[in-house]
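Open the structure in your viewer and keep the sequence beside it. We will go from one residue out to the whole chain.

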Amino acid sequence: MSKLWQARFFTTVNHLRDLPRTTVPEIAFAGRSNAGKSTAINILCNQKGLAFASKTPGRTQHINFFSVGGAHVAMHRHDPVNMDEVQCLIADLPGYGYAEVSGDAKNHWQRLLGDYVQQREQLAALVLMMDARRPFTELDQQMIEWFAPTGKPIHCILTKADKLNRNESINVLRQARAQLDSYVDEDGEGFPFTVQLFSALKRIGIEEATAKIEELAGLGADVAAPTPDESDE
Ligand SMILES: Nc1nc2c(ncn2[C@@H]2O[C@H](COP(=O)(O)OP(=O)(O)OP(=O)(O)O)[C@@H](O)[C@H]2O)c(=O)[nH]1
Ligand SMILES: [Mg+2]
């Protein structure tokens, strides 16, 4: 059972000045509107209605935070979470690229997103969700270019893989790896970027994504088993 299953709604933020004054690591889910961010958060946290998921694009219009730790899976959703035991936060970012949004609102979100990913110190890693049928749109690349200078990891999740056949999936994954490898810094060094396929519908890649997010959030390190070298035997 994953620690992510303990996730609870934490807070909603509409301005950077209202970001939670927490010190635990944060993992943010970014991506185009309709990419499947909220659906993936629900699946990974094993809770149907945790993050709002919708057929109406542009539904997530604020940064929604969820806490992991300080709650037991069997606990009631509304029971108070023990803040001292919160181990990480998950941020569901507003989807970008939704055409129907008016100029002002679009600019507001875009600035909120850019500032958040570039400036938030607690942000440990970005999970970039992209539709496997059209990954690396202009705005996805913008997101990568904003975040890359921080030197922190990006884990790309190619969503809706159920829409691709086996060959298409293999090709998309290969192309995505090549695209991520093409990012280098001034010294020609690569970045800590990884990628996987995912489908909420067919439950593809859930274990892989869970393991990766737990690793990026530093979850589970407190119960590390001794390695053979360190044991007394
Ligand atoms: N076929 C398929 N559809 C999916 C999958 N994941 C999500 N969807 C659908 O895609 C639509 C958008 O999903 P959301 O999770 O709301 O997307 P989002 O990225 O949170 O969107 P915004 O909140 O607008 O940024 C919904 O109709 C989902 O049912 C998947 O793995 N396969
Ligand atoms: Mg959403």
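Start by selecting Phe-65. Phe-65 counts as buried because it has 20 C-beta neighbours inside 10 Å. (Buried means 20 or more other C-beta atoms within 10 Å of the residue's own, exposed 12 or fewer, partly exposed in between; C-beta atoms are placed from the backbone.)

A word on the model: it is predicted, local features need pLDDT of at least 70, side-chain atom pairs count only at pLDDT 80 or more, and totals for chains, interfaces and linings use all residues. Residues are numbered from 1 along each chain as its sequence is written, and chains are lettered from A and ligands numbered from 1 in the order in which they are written.

Next, show the contacts of Phe-65. Beyond four places in sequence, they include Phe-10, Pro-20 and Leu-89. (Contact means C-beta atoms, placed from the backbone, within 7 Å.)

Now colour residues 63-68. This is strand β3, and it holds Phe-65. (Strands are DSSP runs of E, at least two residues; helices are runs of H or I, at least four; both are numbered from the N terminus.)

β3 and β4 run antiparallel, joined by five bridges. (Strands pair if DSSP finds at least two bridges between them.) Find Phe-66: it stands opposite Ile-90 in β4.

Zoom out to the sheet. Its seven strands are ordered β1-β3-β4-β2-β5-β6-β7, and the sheet is open with mixed pairing. β1 (8-13) and β7 (193-197) stand at the edges with a single partner strand each, so one side of each has no neighbour in the sheet.

Finish with the whole chain: five helices and seven strands. Of its 233 residues, 36% count as buried.

How values were computed:
Two residues are in contact if their C-beta atoms, placed from the backbone, lie within 7 Å.
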